[in-house]
Structures are given as C-alpha cells and as structure tokens.
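Welcome, and thanks for taking a look at this one. Please open the sequence and the model side by side, and we can walk through a few spots together.

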Amino acid sequence: MTTTAVTENGAALALDRVSRAYGGGAPALDGVDLVVPRGRFLAVMGRSGSGKSTLLRCAAGLERPTAGRVRIGGTDLATLRTTGLTRLRRDRIGFVFQSLNLVSALNVRENVTLPLLLAGARESRALDARALAGLDAVGLADRAEDRPESLSGGQRQRVAIARALVNEPEVVFADEPTAALDPVTAAGVLALLRRAVDERGRTVVLVTHDPTAATWADEAVFLDRGRIAGRLDRPDEARVRAVLGGLGTAGVRAALGGLGEAGRQPAVAR
C-alpha cells in the first residue's frame, strides 16, 4: 500500500508532540504526533486508560495539552482564549457522544437547529428546512416534531449525528457513539458517519473500543500508555483484535506485520 505525506497545513487535524498530565502521575498523553487529512475516517483505539478520551478532548479543544500543540485546519488552538475556543468548537467542530446530550425540552428538529441558533442564526423557514434536510439524511424527517425521549437509542444517536453535521464542521469527533447500541443499530450509526466522509467530505475521528466499529474507518491508530503504539490502514476485525491483544507487548509489531508505528504519514484515503 502506497502512502503519501500530508503536511500539517493541509490537514483537518494535527497534533504535534502533544502531552497531557494530571497531577504528579504518568501522563495520559505522552508526546503524541498525529495528522488526519481532510475527508478521512480515523478510529482511535486502545485499552481502558490508554489515553483515547484524553486525546479526543485535547484534539477538540475541550482541554488544553500540558505540552505540544493542536491545530484544526490552520488554527493553532494554543493561540485562542476561552471565547475563541468556544467559537471554534461551535462553528468548526461536530460532536457525537455516547451520552448524546440531546435537550429533552426541545423536539428533534429544534435539537438539530440548536448549534445554528447558538452561532447566531435566526429562527426561520430556511433554518427549519436545513434541519429537516439533515434529519432526512439520517432517516428521521418524519420524527422532527417528536421529543427525544419518544425515540429509540439508535434513533437518538442518529439525531445527534444530524446535529453534529448541520453546521458542516471541519471535523466530527465521536466518542464511543455505539457502545450502548445493539450490533445492527450500531452498524446503521457507523454507516451514517461513513457516508458523512464519503459523500460530504467530512473528517471523522472515532474513539472506540470495538474492533467491529474500527472496520468502518480508513485507518486505526492504537494508543498504549499515552503513546501511539501502532497504526493499521484499512483495518479488518481480525488484525484489530490482534493488535489490541498485543498492546504493551512485542505482539503489536507481529500483528502489524512488522510495520510498527507508521509515523505521521497516513495512507491514502480509500
């Protein structure tokens, strides 16, 4: 498989020697280098405590790294104050979390339009039409006026995806979005994220512990004790399981076919 170098300036997301420490213990992230090209689906994997969620929070501007820098597009997050970070997350990033964070007092359509209203848009027919188009893309246009509690878990997750995509973000961060879903429903949610990449050119960073979920990605990155331990292009379930089983041992290199960490040069997106 050929690879191509992707400069940080041409990436949707770039982490340069990012570390994050809490108190006096071992760092949750330890000098992580990662470049994610635009229009790519990346799965971030590792055992509990490996640094997956910390990487997501630093990459999304929810936490500031102890050292190193993070860039969304050409914007260095270290140069932004709190207000600027809030604006960047609102305007340029989409979030899909296991907890969903849907507002129960709002109907489905209103939940989808909420990011646009927070960004300064006014309520209008055009805004509603945009929300309905997003809901139609996830197969829920007919539930637009329903409350979130009347939907199934998979349907609520699809609403969260519509909301994450409504402002056409540069990067969508998804933190274990299928952990509470059955396999069939989970596959439907992952298919929607895959379509966002393939059909809309979005960049998706998925944090997951599920080897099946990782097979929807273009590339899987494996964390171990806060460091990148290996990468797989076009991951398949058997190799993902092998790498996860070998984390912390020499088994990682064997599972990767001797490739080890592929450095900062991600494979060409399929």
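Asn111 sits in helix α3; helices here are DSSP runs of H or I with at least four residues, strands are runs of E with at least two, and both are numbered from the N terminus. Is Asn111 buried or exposed? Its relative accessible area is 0%, so Asn111 is buried (buried means under 20% relative accessible area, exposed over 50%, and partly exposed in between, with a 1.4 Å probe and protein chains only).

The side chain of Asn111 comes to 2.7 Å from the backbone nitrogen of Val103. Leaving aside residues up to four places away in sequence, Asn111 touches Leu102, Val103, Leu106, Pro148 and Arg163, where contact means heavy atoms within 4.5 Å.

## How to read the model

This is a predicted model, in which local features need pLDDT of at least 70 and side-chain atom pairs count only at pLDDT 80 or more, while totals for chains, interfaces and linings use all residues. Residues are numbered from 1 along each chain as its sequence is written, and side-chain values use heavy atoms, with hydrogens and water left out.

## The chain overall

The protein chain holds nine helices and ten strands. Of its 270 residues, 51% are buried. Among contacts between residues at least 6 apart in sequence, 69% join residues at least 24 apart.

## The largest pocket

Now for the open space. The largest pocket has a volume of about 420 Å³. A pocket is found on a 1 Å grid over the protein atoms alone, as an open set of points where a 1.4 Å probe fits, with protein on both sides within 12 Å along at least five of seven lines; lining residues have an atom within 4 Å of a point. Grid points are joined across faces, edges and corners, and the volume is the space filled by probe spheres set on the points.

Which residues lie nearest the centre of the largest pocket? They are Arg89, Ile93, Phe95, Pro115 and Arg163, from a lining of 16 residues. The elements giving two or more residues to this lining are α2 (82-92), β6 (93-97), α3 (108-118) and α5 (153-165), and β6 provides the largest share, with four residues. By type, the lining divides into ten nonpolar, three polar and three charged residues (Ala, Val, Leu, Ile, Met, Phe, Trp, Tyr, Cys and Pro count as nonpolar, Asp, Glu, Lys and Arg as charged, and the others, Gly among them, as polar).

## An aromatic cluster

Phe95 also belongs to an aromatic cluster, together with Phe97 and Phe173. The whole structure has two aromatic pairs; rings of Phe, Tyr and Trp (its six-membered ring) pair if their centres lie within 6.5 Å, and planes under 30 degrees apart count as stacked, over 60 as edge-to-face and the rest as tilted. Phe95 and Phe97 have ring centres 5.5 Å apart and planes at 35 degrees, so this pair is tilted. Phe95 and Phe97 are both buried.

The ring centres of Phe95 and Phe173 are 6.3 Å apart with planes at 25 degrees, so that pair is stacked. Why does the pair tie together parts that are 78 residues apart in sequence? It does so because Phe95 lies in strand β6 and Phe173 in strand β7 (residues 171-175). Phe173 counts as buried, at 0% relative accessibility.

## Other places to look

Thr75 lies in strand β5 (residues 75-76). The side chains of Thr75 and Arg92 are joined by a polar contact of 2.8 Å (a pair of N or O atoms within 3.5 Å; within protein, one must be able to donate a hydrogen and the other to accept it, and residues adjacent in sequence count only if both atoms are side-chain atoms). Helix α1 (residues 52-59) has six of its eight residues buried, so α1 is largely enclosed by the rest of the structure. After α1 comes Gly61, with a positive phi near 75 degrees.

Most residues other than glycine have a negative phi. Glu168 has a positive phi of about 50 degrees although it is not a glycine, and Glu168 is placed in the loop between α5 and β7. Arg234 also has a positive phi, near 50 degrees, in the loop between β10 (227-233) and α8 (237-246). At 43% relative accessibility, Arg234 is partly exposed.
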